[in-house]
Amino acid sequence: MGELIYGAGTSYEMDDRTLAHIKVATGLRLRRQESFYVSWAIPSNQGSGRISIWASPSIPLQFHFSGSRPPELNRQWLQALDASAFSEGGMLVMRESDAASYLQLEAERTAASGDTR
């Protein structure tokens, strides 16, 4: 398990694969000086609920990986994380297996609304 370290030291445990995808997706937005929420569900074995953090170029983020090798990135998962950051709730950290269905629903919503993001 890796850690996302936010601000002055608040840390959140995540598996390395998820953490690697969050790192790339947030990095793309922060490089463009964009600020947004990053939200994820807390597993029931850790008490349930949700966490949201404000990602901003002015707030330090550290990504601490437990493994020595970076995982291969799933482009579809990165696209889904990036697309979710446009929502009012910000980037939703979803499971890798949910990325394709999220992108499909987003495409349908966009087509129905005429939104041309």
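## Sheets, core and ring pairs in a predicted model

An open sheet of three strands, in the order β2-β1-β5, has antiparallel pairing. The edge strands here are β2 and β5 (61-64), each of which pairs on one side only. From one strand to the next, the twist averages 20°. The model is a predicted one. Strands of a sheet pair through backbone hydrogen bonds, either parallel or antiparallel. Between β1 and β2, which run antiparallel, there are five bridges. Tyr-6 stands opposite Thr-10 in β2. Helix α1 lies across β1, β2 and β5 and runs at about 150° to β5.

A second open sheet also has three strands, in the order β4-β3-β6, and its pairing is mixed. Its edge strands are β4 and β6, and each pairs on one side only. Strand β3 (residues 36-41) is joined to strand β4 (residues 50-55) by six bridges, and the two run antiparallel. One of the residues involved is Tyr-37, whose bridge partner in β4 is Trp-54. Towards β6 (residues 91-92), β3 has two bridges, and these two strands run parallel. In β6, Met-91 is the bridge partner of Val-38, and Leu-92 is the bridge partner of Ser-39. Helix α1 lies across β3, β4 and β6 too, running at about 165° to β3.

Which residues of the largest nonpolar core touch the most other members? They are Phe-36, Val-38, Trp-40, Ile-53 and Met-91, out of 26 residues in that core. The elements giving two or more residues to the core are β1 (2-6), β2 (10-14), α1 (16-31), β3, β4, α2 (75-84) and α3 (99-113). Helix α2 gives the most, with five residues. Leaving aside neighbours within four places in sequence, Met-91 is in contact with Ala-25, Thr-26, Phe-36, Tyr-37, Val-38, Ser-39, Leu-81, Ser-84 and Ala-85.

The aromatic rings come next. A pair of aromatic rings is described by the distance of the centres and the angle of the planes. The structure holds two aromatic pairs, listed in the table.

| Pair | Centre to centre | Angle between planes |
|---|---|---|
| Tyr-12 and Trp-40 | 5.2 Å | 80° |
| Tyr-37 and Trp-54 | 4.9 Å | 70° |

Tyr-12 and Trp-40 form an edge-to-face pair. Tyr-12 is in strand β2 and Trp-40 in strand β3, so this pair links distant parts of the chain, 28 residues apart. Is Tyr-12 buried or exposed, and where does Trp-40 stand? Buried means under 20% relative accessible area. Tyr-12 has a relative accessible area of 18%, so Tyr-12 is buried. Trp-40 also counts as buried, because its relative accessibility is 9%.

The rings of Tyr-37 and Trp-54 have their planes at 70°, and angles over 60 degrees count as edge-to-face, so this pair is edge-to-face. Tyr-37 lies in strand β3 and Trp-54 in strand β4, so the pair ties together parts that are 17 residues apart in sequence. Tyr-37 counts as partly exposed, at 40% relative accessibility. Trp-54 is partly exposed as well, with a relative accessible area of 37%. Both values fall between the limits for buried, under 20%, and exposed, over 50%.

One further ring contact involves a charged side chain. Arg-29 lies over the face of Phe-86, at 4.4 Å from the ring centre.

Conventions
Residues are numbered from 1 along each chain as its sequence is written. Side-chain values use heavy atoms; hydrogens and water are left out. Two strands pair if DSSP finds at least two bridges between them. Helices (H or I, at least four residues) and strands (E, at least two) are DSSP runs, numbered from the N terminus. A nonpolar core is a set of buried Ala, Val, Leu, Ile, Met, Phe, Trp, Tyr and Cys residues joined through side-chain atoms within 4.5 Å. Buried means under 20% relative accessible area, exposed over 50%, partly exposed in between (1.4 Å probe, protein chains only). Contact means heavy atoms within 4.5 Å. Axes are lines fitted to C-alpha atoms, for helices over the stretch in contact, and angles run from 0 to 180 degrees between N-to-C directions. Rings of Phe, Tyr and Trp (its six-membered ring) pair if their centres lie within 6.5 Å; planes under 30 degrees apart count as stacked, over 60 as edge-to-face and the rest as tilted. A charge sits over a ring if NZ of Lys or CZ of Arg is within 6 Å of the ring centre and within 35 degrees of the ring normal.
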